[in-house]
Amino acid sequence: MMNTSASDSLFPEFTAPTPAQWEEKISKDLKGIAPQELHWQSYEGIDVAPFYTKENLPQGLQYQTQPGEFPFLRSPKTGTNTWLNLQAIRVTGKGHEAVDKAADALTRGADGIHFIIENGVDFDVDYLVQHLSLGDVPVSYTVSSDAATFLHHLVTGLYRKGISLNQLNGFLKCAPILSSESYRQLDMEHAKHLLEQTLDAPNFYALTINGAHFSNKGATLVQEIAITLAIAVCYTNGLTNEILPVERLFRDMQFHLSVGTNYFFEIAKFRAVRLLWSKVVEAYKAPVESAGHLRIHASTSRWHQATLDPHTNLLRHTTELMSAIMGGVDSVEVEPFDSTYKEPNAFSERIARNISIILKEEAYLHQAIDPAAGSYYIEYLTQEIAEKAWALFQEIEGLGGFMAASNSGFIQDLIKEASNQKFKNIASGKEVILGTNKYPNTNEKHDYNPEALMQSRDFDNTRAAYPYEVMRLATEMHLRKKQRRPLAVVVHMGPAIQEHIHASFAREFFTCSGFTTQVVKVNTVNEALASVKPLDAQVIVMATPEQAFSDFADEFARGMRDQHKQGPALILADDPLHLKDELRANGFDEFLFQGCDTKEIITRIQERLGA
């Protein structure tokens, strides 16, 4: 926690180094490399430096506050940094089995339950009220259809049981909060019905703004915040004074945000959300304490969830949860590590619950409010994220608000551009997904049917790892059909370093895609043809000096056609620039090199494996 009355220096007898001294030291340690060369740009357009000093601290008064003080950047909490550990449970039919499972989970470390309900009409509310103490346990609901009807049944069920609504604790989320996947409409009438039924339930949040929906499709942190604020403002404009004043509407509003793997950025994101929400509250001239009532629920990122080497998800979930907790969220929810390819099971659900428990009982993260306070880097990121998110929010409002921006395609184009850039960086290896596009577990055994998984409507194809997973699953199908993995041969001609770099990248790419890889070093085309002739390869990657592209390609491709009528895919490990058309005409299918977009290569190889 920041203490503005404390001395600026813990040990005043030591002189604080200046930024110039830091730069000199870094340059010396890196043997002359300028510190400016270590700068990088985030997806949000934030310039990230190799080090930060006191000079980088934001100067605004809002950054000098204490926890519990407006604008609540450092959380509205003033005692401890407590949070609820919710377990998500999917409901089918009447939900009896789900309710029984919830009762058991509450004895095994869950602080509350989050029911995911497909059909709100079918759910047996009386059974729920009978078996769970809703007056004592936070229970929340995501309802895909008939949410207002479900809530009516819940309220009447509580009445029959003699439980007062002011004892109800939890939240309700419609899935999606938008009435269509295309984001084109917000259902104000439906939201009004939800709020009307919970006027006497001060601890139940009937209006959840689902910002996680966007980040799980590949939106940046800034986009997630700005779109969430825009939806909240849209609801506020549509509902205020209909049934309750604006300050009461704000009291019933919750944000559901995703938390990703960019550790420090995510901590700063949750602080920036509260800061910007306070600006919205001020704009509506509501009491400033209304801003402190904002509840934030965080769930681990679906975008970053991987199917391959799934235990790496445990690492992601741990750091994601740490970011959310340090950012001061009110409740968390951890996706089971194997949820992309199988139904929830007792083991993975137990591990998911325990991550939060360990961070509380062993890391004691609940004992410090805003533990990131004073970090030059995180304070800088908080300001940068807040400023960029506010600018985007104002741009959306300038287009007429969320619904107008959505109907014009602005929102969709934002997310598409961001996700495409992320996919490109993953494909090129610039961004690493451990176990997927870097350091794959080549001995991994799959206890599921790859073909059935790829055809399942539950297999999320919007995740970051999906393109690589499709490739790997295709090779797994080839293995099961042919009783061997497909083979990719990397033929390396000559000693040139650049060819070696591209050849290494190609080998890693196909290894991550589940191929058996083999490197052959040769000096001539004839040696290359003789080396690959006895090999039953599905892919041949050629790395050759640039000046030999044209002659080599023609000779090698002609030789391959003579050897095979339906030969392997031929790929050049380089970017031939203006020679691409000529090389394609000579028989090469694709070009694979560091920084390229591998989407087309994955598609073409997948087709060949299928054939």
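**Cysteines and the parallel sheet**

Q: Is Cys234 buried or exposed?
A: In this predicted model, local features need pLDDT of at least 70, side-chain atom pairs count only at pLDDT 80 or more, and totals for chains, interfaces and linings use all residues. Residues are numbered from 1 along each chain as its sequence is written, and side-chain values use heavy atoms, leaving out hydrogens and water. Buried denotes under 20% relative accessible area, exposed over 50%, and partly exposed in between (1.4 Å probe, protein chains only). At 15% relative accessibility, Cys234 therefore counts as buried.

Q: How many disulfides does the structure hold?
A: A disulfide requires a pair of cysteine sulfur atoms within 2.5 Å. The closest cysteine sulfur to that of Cys174 belongs to Cys234 and lies 15 Å away, too far for a bond. Cys234 is likewise in no disulfide. The number of disulfides is 0.

Q: What is the bridge partner of Thr208 in β9?
A: Strand β8 pairs with β9 (residues 253-259) in the parallel sense, over 4 bridges. In β9, the partner of Thr208 is Gln254.

Note on methods
Pairing = 2+ DSSP bridges. Helix = DSSP H or I, 4+ residues; strand = E, 2+ residues; numbered from the N terminus.
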